[in-house]
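Trainee: I would like to learn how to read the features of a protein model. Please take me through them one at a time.

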Amino acid sequence: MDEKSSNNHRLLIVLLMVLLFGVIVIQYVCPSRSECQLLHLGSLFSSVGTGSATGSRSGGGNEIRDGLSKDPYIAEDGALVRFLPRFNFSKADLNRAVDFNIKGDDVIVFLHIQKTGGTTFGRHLVRNIQLERPCECHAGQKKCTCYRPGKKETWLFSRFSTGWSCGLHADWTELTNCVPSRMDTQEAPKTLPSRNYYYITILRDPVWRYLSEWRHVQRGATWKASLHVCHGRAPTLTELPSCYSGDDWSGCSLQEFMDCPYNLANNRQTRMLADLSLVGCYNVSAMSEEERWAVLLESAKRNLRGMAFFGLTEYQRKTQYLFERTFNLEFIAPFTQLNGTRAASVDVASETQRRIRQLNRWDVELYEYARDLFLQRFQVARQQERRQARERRQQERRRLRGRLTPRLGRPPKPTETPRRPESHSLPTEGRQRGKAEGETVEDEVLLPDWWDLEENGTMEDYMDNVEQW
């Protein structure tokens, strides 16, 4: 009995020693958990299993939240699945950095589509950007004063700065025809070249956006003040009939909402981003419904590509990151990913969801296109940021090497020219599919490297290129 007890004690001591040795090795190899690739990889697996990784970004920096992930852009996606591009975009489409001159005459124009989170984003624009001259917002006032430094001129055309100057939730057709004249009347005429207008917007998953709009209408919202001006006039009642006869449509069921053939909630994002003059505005007799929506979809895609920036409700931190990179501006506080919306609380049967997708099939196609472009832009921007950081580190090492070498009495070692990593373009099948879908490809797109370990490559470089489907 004593011999058995002695053996157990020896075994326990051995296990404790092995554990202690392991802890020492980990502390030696990984002095900081946030910088340890092994621990970081282990946290990734645990986050995939639980789907609970979270993170945040502020002022261009990363914060570690809940100890699960260092990178907030990975954390916001939940699952880590490699994103595979479907569409072929030109370099100009993917590299969106504009020379926005807030001290000059440039103007940011926010196209606010209903129920896409545009109200929250609009408040970020007037309350959350680090500016030399911040917007002046006062309690009880719906609008803020967003003047340029040293001038009494606005740099932002949006609901919370200029109000609904072109109509309630004005669309692309209305804004592009209205904004220049409005800006000219609000400010003294100048003998300067025409100002630059940078259009931005936010898109959302069509099914959840549709459900959110239904809940909003159910509570009494009407948007009857919207003008829907096209070709200089508003549509007639015959061209745009109403779905209800009373003052509003409060209390309507989801079935009633879906059954109205004139409901502007159907494919709202496609319609609001397209040039309606291409299809005779609201005169639906000009062409067949299929042809009409096909033209509108291609117009919406083209306008979306040409916009200075667009974000996605489902990717708040990436939206913040791309806006900051595009306009060289920084937000004060990080964006927050909120999933507890009223639409998310609606229990919708799978058959009803399929009906909603069918009613919004053009929005579904537009959103998939926009999501692909958005994530490709994010990948390119992040890879460029990583590459620039590596180049700065290399230059710093060369500088330090040049200072230390004469002290050591050795001739400077020739600097090896770093091998240029191979660039991977989209597969031939993907390019052919993009062309078959009517995409205009100006150049062959060179996507950033998926796994660049040429110089200081780390697991983080790889994780920048994995996304959630």
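Mentor: Start with a pair of residues: isoleucine 200 has phenylalanine 309, in β7, as its bridge partner. Leucine 203 has its bridge partner in β7 too, namely leucine 312. This is a predicted model, in which local features need pLDDT of at least 70 and side-chain atom pairs count only at pLDDT 80 or more, while totals for chains, interfaces and linings use all residues. Residues are numbered from 1 along each chain as its sequence is written, and side-chain values use heavy atoms, with hydrogens and water left out.

Trainee: In which sense do strands β6 and β7 pair, and over how many bridges?

Mentor: Two strands pair if DSSP finds at least two bridges between them. Strands themselves are DSSP runs of E with at least two residues, helices are runs of H or I with at least four, and both are numbered from the N terminus. Strand β6, residues 197–203, pairs with β7 in the parallel sense, over 4 bridges.

Trainee: What is the order of the strands in the open sheet?

Mentor: The order is β5-β4-β6-β7, with 4 strands and parallel pairing. At the edges are β5 and β7, each of which pairs on one side only.

Trainee: Which way do the residues of β7 point, and are they buried or exposed?

Mentor: In a regular strand the side chains alternate between the two faces of the sheet. Strand β7 covers residues 309–312: Phe309 and Gly311 point one way, Phe310 and Leu312 the other. All of them are buried, that is, under 20% relative accessible area, where exposed means over 50% and partly exposed in between (1.4 Å probe, protein chains only).

Trainee: How many helices and strands does the chain have, and what share of its residues is buried?

Mentor: The chain has 15 helices and 10 strands. Of its 469 residues, 45% count as buried.

Trainee: What are the confidence scores of the chain?

Mentor: The score is pLDDT, the predictor's confidence in each residue, from 0 to 100. The chain averages 80, and 70% of the residues score at least 70. The pLDDT is below 50 over residues 29–69, a stretch with 64 contacts in the model beyond near neighbours in sequence. It is also below 50 over residues 420–469, where the corresponding number of contacts is 116. A contact means heavy atoms within 4.5 Å.

Trainee: Which residues does threonine 162 contact?

Mentor: Leaving aside neighbours within four places in sequence, threonine 162 is in contact with Lys143, Thr154, Leu156, Phe157 and Gln186. Threonine 162 sits in the loop between β5 (156–157) and α6 (172–186). Lysine 143 is 19 residues away along the chain, yet the two C-alpha atoms are separated by 6.9 Å.

Trainee: Why does threonine 162 count as buried?

Mentor: Threonine 162 counts as buried because its relative accessible area is 12%.

Trainee: Where do lysine 115 and histidine 231 lie?

Mentor: Lysine 115 is in the loop between β4 (107–111) and α5 (118–127), and histidine 231 is in the loop between α7 (206–218) and α8. Each has a positive phi in a residue other than glycine: near 60° for lysine 115 and near 55° for histidine 231. Lysine 115 is partly exposed, at 23% relative accessible area, whereas histidine 231 is exposed, at 63%.

Trainee: Which residues line the largest cavity?

Mentor: Among them are Phe110, His112, Phe157, Arg159, Trp164 and Leu175.

Notes: 1 Å grid on protein atoms, 1.4 Å probe; cavity = no way out; pocket = protein on both sides within 12 Å on 5 of 7 lines; lining within 4 Å.
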